[in-house]
There are 2 protein chains.
Amino acid sequence: MATFLRTASRSRPFLSSPIARSASRLSPIAVRKQHAAAAAVSDNGEQPFFPDEPTGPIVKTAIPGPKSQKAIERLSKVFDTRSLNMMTDYQKSYGNYIADPDGNVLLDVYAQIASIPVGYNNPTLLLAATSPEMASAIINRPALGNFPQHDWADILETGILAAAPKGLDQVFTGTTGSDANELAYKAAFMWKRQQERGGYHVDFTEHEINSSMVNQSPGAPELSILSFSSGFHGRLFGSLSTTRSKPIHKLDIPAFDWPRAPFPSCKYPLDEYAAENAAEEQRCLDETERLIKEWHNPPAAVVVEPIQSEGGDNHASPNFFRGLRELTKKHNILFIVDEVQTGLGATGKLWAHEHWGLSSPPDMVTFSKKAQAAGYYYSNTELRPNKPYRQFNTWMGDPARALLFRAIIKEVERLNLVENTAATGDYLYDGLRSLAQKYPNEIKNLRGKGQGTFIAWDSPRRDEVLKKGKTVGINIGGSGEAAVRLRPMLIFQKHHANILLEKLEAIFKS
Amino acid sequence: MATFLRTASRSRPFLSSPIARSASRLSPIAVRKQHAAAAAVSDNGEQPFFPDEPTGPIVKTAIPGPKSQKAIERLSKVFDTRSLNMMTDYQKSYGNYIADPDGNVLLDVYAQIASIPVGYNNPTLLLAATSPEMASAIINRPALGNFPQHDWADILETGILAAAPKGLDQVFTGTTGSDANELAYKAAFMWKRQQERGGYHVDFTEHEINSSMVNQSPGAPELSILSFSSGFHGRLFGSLSTTRSKPIHKLDIPAFDWPRAPFPSCKYPLDEYAAENAAEEQRCLDETERLIKEWHNPPAAVVVEPIQSEGGDNHASPNFFRGLRELTKKHNILFIVDEVQTGLGATGKLWAHEHWGLSSPPDMVTFSKKAQAAGYYYSNTELRPNKPYRQFNTWMGDPARALLFRAIIKEVERLNLVENTAATGDYLYDGLRSLAQKYPNEIKNLRGKGQGTFIAWDSPRRDEVLKKGKTVGINIGGSGEAAVRLRPMLIFQKHHANILLEKLEAIFKS
C-alpha cells in the first residue's frame, strides 16, 4: 500500500498561486503565460497537469460551514435546495479541487455529476471562454436551423465532429443529455415510420396528418423505444419513459407504454465469472429479442448505456453489446448508444463503445456532460428526416457550448488525457483491489477494471461513506442503491489516486 | 403615409463605426467607452438606441449569395440545412440589422425566431459576456441542484427574479422553452397526484412505486395537460403532446392521449367584433370545462400562450384568459401560462398576461427565448415536490444564461424598452392599418393592436412576401398557414418601423 498511499507533502495554499490568481482575475495575457508554463511541465509521466493545484484537501469546518449555511438559507427562499450537496465557490475551485465559501477544499471525484472534463478553471478553457468568438456566441445566440453562423461548419468540424465516434460523421446538436436522447428517439421514430410507409419519398396520408393533430395513431404512432432495467436516459417525458433507474425519478409522471428488457446482473470482476456472466447476458439478449418481436408497441430502436451509471454502475461484457448490435440489425431497428455519462474519455477510450469491437458502428451515439455541448452523432443520411422542419427547434444547440467542446477536445489531445485516464484508472483499480482485500466489508463488487477511472463498488453503508468523505476531504458520489461511484475528471492522476485511496482507508478505519 | 415612409438617408456603412469595430475586436475598454456614448444619446424620444446602427438595409446580392452558397454547401455535409433561411455573419450584425457573408445587411424583424432581445452585439451584453463571472460560468458549469455556486441566490434575485411576474417569487431554471414547459408539467403532475394521495406528507404506496418502474398507472398516472388547438409549447415528447400547431411538427412522434380544447377563432380587430368574439370565447371556455370534467385522462393543468405564436398569431380577449383562470381554480387544477415567445416586453408589457387583469396570478409562467435563460416562475411552495430529487437533472439551468438574463433585464430597464415597444408598436400598427386600407388584398386580419410590436396579418401569398422581403432588405417570418408575423427586438424604434413599412409597400406594389 505504501507506494500509492504516499501523502502529498506540499502545503502551499493554491489560492495564492499565479494560475489561481490569474484565473480569478481572468486576465487573458496572464493566463496565457501560465498556460504556457503549465504545458511545459505536464507532458512527462506523473508531472502534474496543474502544477499549482493544491497538494491535498483542506478541511477547515464541518460542511456546510457557517458561510455556506447562510448562503443555503438565502437560496432556499427562491430555489429548491433540498438536493443540495455542497455550496460551492467556483472561483476558488481549481483543477481536481472543489472549494466552498468556508475555505474547505476537497478532492473532487464526482465532478458535477461526471460533467467537468478537464478541471475547474482550466486555463485553456479560460482562453476559449474569453475569446471574441465566445462573446459573440453568448450575446448573438442563433436559431441554428434557420440562421446558422457562417463558420458553423468549421466550428463543428474542428470541435464536435473532430471527436466523433468512428464511422459517424454527422451531428444533430441539442442542449442536454436528456434532450440529446429525445432528439435521437425522434429521428428513430421518423425513420421507422418512413420505412413502414414504403420509403423516404412516400408522403403522409390525410389520415396520418389528421390523427397526428389529436395525438392518435397512425399519425402519432404506437411505436416505442426499448430500454433496460436500471438504465438512465434523462428526465424529460420521452427520455424518462426509457429511464428505469429509481422510482423517485419516475413517480407521478405519465409515461409511454414502452418495453423494459432485463440488463444483465453480472458478477465482478467480469473476467473471473466469464461463463456465468455469458449465460446471464444470453438470457437478457433472448428476452430483448422476444420484446422486440412481441411488444404491443413495437420498438423503433434500442437504447443502452455502455455502463449503466445512475442505475448503479452496472457493467456487461463487449459480447452483450455486440449481441444487441446484431439483434437490432436482424430486426431492422436502430441501435442508440447513450454515451452521455461514459463519453469523452472517462473509460480510457474516447467513447466507451470502442471497448466492444462492433462489426458496424451504432446508428446513433448521444453525448453531453463532459462534452458540455450535447447532441447525437449519426452517419446514415436516411436518419435525416425526409422533410425540413421535422427535426427542428428554436436554438438546436448552442454555439457557445460547441466552442467550449472544441477547446475541451483540444485539451484532451494536447495532454493525452484518454491515455492518462486509462493508466490512472488501472493504477486506481489496483489500489482499490488491495483495499478491498484489506476491508472486504467496505468494498464489495469492485468493478470497472480496464475501464479507465469509471470505477465503482458496493458499500453496505454507502450514504455514510459519502458523507464521511467530506470530513476527510473528498467529494464523492453514489449511484443506484448501494454503489460508490468514482467519476473523477480526465486530469485525475496517480498522485490524486494516492490521496483518494488514503482518504478512503481513513473512512474504512473509522 | 409620408410621415412614416420617410426614407432613411444616412448611408455611412456601419461596419466602420466605432461600436461595430470595438464589438468585433471585443476590447472591453473600447466597448465601455462606446457604451457610455450610446447611453448619453438614447434617453430622448426617437434618439436611436444604437447611434451607429446602419441607416437602412444594404442588399448587394441575391440571398443566398455566392459566399453563403459555398458555406451552405459545406455545412450540408455534416448538418441538416434544409430549413436554412439565411447564412448569417453575427460579427457583422448589429442592433436591428442582420448581416450575411455576402455583405447583405437586412432589417431583422424575425430576430432568431423572436429570441434576440436587445440587438445583435449589444454593447451592454458584450460587457456581461466578457466579465470574469461569465467566464467562470462558462468553464465551471455547475450541477445546480447539488453544487450551486455560492452567489446563485444573488444572481437569481438581481436577474431572473427581478423580472418575475407579479405574485410569483420563485423559479425553477431549465435550458429551453420546451424544457421549461416540461418542467412545469412535471411540477403539475406531482402536485396533482400528491393532492389525490391525500396531501403533501402522504408517502407513495408500494403499488405506485412498482408500477412507476414499468410505466404503468398508478405510479405513472393517467393524467394529462390540456392545451388548445393551434397552440405551440415545444417539441420534446411531453411538450409536443400539447403542441397542436402543424402536422409537420407532430407526424410520426408518439404522443400522450391528452385533450385539445378549441382556441377561439376571433375576428380582428378584436374590439370591433366584441360581441361575436365574446360568444366564440364562451363556446371555447364551455368546451374547455367539459374536457376538464370528462376527459378520460383528467388534466392536472391547462397550458396556454397569451398569443398563439407558431400556430398563426391567434389572439383572444383578456376575458377569455380570465375565464381560464377561473375554470382552473374551480376544478382545482393548475393554470400554466407559456410566455416563451410573448414574454420579456414584446407585447408592450413585460409579461403579456399583465394585459389580462387576472384576479390571482397564474400558477406557473414559463419563459425562454428573449430571456436567453429558461424556466418557470411559481409561488405556491406546494409546487416544490414533497421530496428532493423529484424535480432534478444534472445542470438544472445554466448560470451563464442567468447572468446574460440579468444584463438583458438591466438593459430593458435602462432604456425603457417595454415602453418603447408599446409606443413603437402603436405607431407600427397605425402604419400597417393604413397600408391595409391601401392594399386590402395584401394585409388581411391585421392583429396585435395595443400588443406592442407583436403584430401579424394574413397574406394570400405569404411565402412569396417573406421571400421578397429579402430582396428589399427585410428579414421577416411567418406563422401558421398564412400569417406574416412581426417579431422585432425590443430596440425596434419608429425610424425602423418607417423602413419596414416602406419596404412592405414596395413588396405589395411588386
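Two strands count as paired here if DSSP finds at least two bridges between them. I start with that because one pairing in this predicted model rests on just that cut-off: two bridges join strand 2 of chain B, residues 105–108, to strand 12 of chain B. Those two strands run parallel. As for who faces whom, L107(B) has I474(B) in strand 12 of chain B as its bridge partner.

That pairing belongs to an open sheet of three strands in chain B, in the order 1-2-12, with mixed pairing. Strand 1, at 97–99, and strand 12, at 474–475, are the edge strands of chain B, each pairing on one side only.

Now to chain A, and another sheet. Seven strands form this open sheet of chain A, and the order is 3-9-8-7-6-4-5. The pairing is again described as mixed. At the edges stand strand 3, residues 170–174, and strand 5, residues 260–261, of chain A; each has a single partner strand, so one side of each has no neighbour in the sheet.

Inside that order, strand 8 of chain A, residues 364–367, and strand 9 of chain A, residues 374–378, run antiparallel and are joined by four bridges. One residue to look at is V365(A), whose bridge partner in strand 9 of chain A is Y377(A). The sheet also carries a helix: helix 12 of chain A, residues 274–294, packs on it and touches strand 4 (224–228), strand 5 and strand 6 (299–304) of chain A. The directions of helix 12 and strand 4 of chain A make an angle of about 165°.

Next, the two chains together. How is chain B laid on chain A? A turn of 180° with a shift of 0.0 Å along the axis does it, at an RMSD of 0.0 Å. That is the relation of a two-fold axis.

Which surface do the copies use to meet? Of the interface residues of chain B, 99% are also interface residues in chain A, so the copies meet through the same surface. In contact are 130 residues of chain B and 129 residues of chain A. Between them the chains bury about 11,500 Å², with 59% of that on carbon and sulfur atoms.

On the polar side, there are 70 residue pairs in polar contact across the interface of chain B and chain A, and the salt bridge count between the chains is 12. One salt bridge links R74(A) and D154(B), with the closest N and O atoms 3.4 Å apart. Helix 8 of chain B, residues 177–197, supplies nine residues, the largest share of the side of chain B that touches chain A.

Terms used:
Residues numbered from 1 in each chain as written. Chains lettered and ligands numbered in written order. Predicted model: local features only at pLDDT ≥ 70, side-chain atom pairs only at ≥ 80, totals over all residues. Heavy atoms only, no water. Contact = heavy atoms within 4.5 Å. Axes fitted to C-alpha atoms, helices over the stretch in contact; angles between N-to-C directions. Least-squares fit on C-alpha atoms with pLDDT ≥ 70 in both. Buried area = accessible area lost by both parts, 1.4 Å probe. Salt bridge = Lys/Arg side-chain N within 4 Å of Asp/Glu carboxyl O. Polar contact = N/O pair within 3.5 Å; in protein donor to acceptor, adjacent residues only side chain to side chain.
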